[in-house]
Every structure is written in structure tokens, then in C-alpha cells.
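Thanks for making time this morning.

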Amino acid sequence: MAEYRKARKQIDVSVGESVRIVRELQELSQNQLAELIGIPQSTISAIERDRVNLGVERAKVLARALKVHAAVLVFPAWDIEKESAA
């Protein structure tokens, strides 16, 4: 059997990009997500474009609406293996 190489991270994902990716995986439009959490669609757009900071409380609200843990949104580039080896 051939020897396998460990997968490497190919791209960096920003906080805003992680929000957009998860939202799209949930098949929600920006308008639908904005309506779910009670904020303007323009704020969702600004978050996804990294023009405004997500913030802890807003991350919790978004995470609940998107059915993910807030850490998925706030720490998209966190490497558990790297951090646990430190």
C-alpha cells in the first residue's frame, strides 16, 4: 500500500468568508439570514466582506441561526493539531 501524506491547509479563510461559506451551505440568502437574526442585510454583507468585526455576541447569534458552534465562525483558520502541540 502506498504511503499517504497528511493533508495540508491550502487556503486561509477569513471570519467573513467563513460566515458566507456556512450561510451558503445552509442554503440561506443574506436576506433570509438577516431576517432570522433581526439585523439589516447590509450588515450581513459587511460581515461577509470583513468590513465590520463580527464580535462575540453577534457571532453567537449567527452561529445559532446557522446551526454551528461560534468557534467555526470566529476561528476559521485555527489549527487544532498545531495548537495542541504547543
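When I speak of contact today, I mean heavy atoms within 4.5 Å of each other. Please keep in mind throughout that this is a predicted model. With that sense of contact, Gln 30, Asn 31, Leu 33, Ala 34 and Ile 37 in helix 2 meet Gln 41, Ile 44, Ser 45 and Glu 48 in helix 3. The axes of helix 2 and helix 3 lie 8 Å apart, and the two pack at an angle of about 115°. Since angles of 65 to 115 degrees count as roughly perpendicular, helix 2 and helix 3 are therefore described as roughly perpendicular to each other. The crossing in which helix 2 passes helix 3 is right-handed.

Stepping back to the whole chain, we have 6 helices and 0 strands, and of its 86 residues, 28% are buried. If we take contacts between residues at least 6 apart in sequence, 54% of them join residues at least 24 apart.

Which residues have the most contacts inside the largest nonpolar core? They are Leu 33, Ile 44, Leu 54, Leu 62 and Leu 73, in a core of 16 residues. Helix 1, helix 2, helix 3 and helix 4 each supply at least two residues of this core, and helix 4, with 5 residues, gives the largest share.

Let me finish with Leu 54, which, once neighbours within four places in sequence are set aside, is in contact with Val 15, Val 19, Ile 47, Ala 59, Leu 62, Leu 73 and Val 74.

Conventions. Residues are numbered from 1 along each chain as its sequence is written. This is a predicted model: local features need pLDDT of at least 70, side-chain atom pairs count only at pLDDT 80 or more; totals for chains, interfaces and linings use all residues. Side-chain values use heavy atoms; hydrogens and water are left out. Helices (H or I, at least four residues) and strands (E, at least two) are DSSP runs, numbered from the N terminus. Buried means under 20% relative accessible area, exposed over 50%, partly exposed in between (1.4 Å probe, protein chains only). A nonpolar core is a set of buried Ala, Val, Leu, Ile, Met, Phe, Trp, Tyr and Cys residues joined through side-chain atoms within 4.5 Å. Axes are lines fitted to C-alpha atoms, for helices over the stretch in contact, and angles run from 0 to 180 degrees between N-to-C directions. Angles under 35 degrees count as roughly parallel, over 145 as roughly antiparallel, 65 to 115 as roughly perpendicular and the rest as oblique. A crossing is left-handed if the near helix is turned anticlockwise from the far one by less than a right angle, and right-handed if clockwise.
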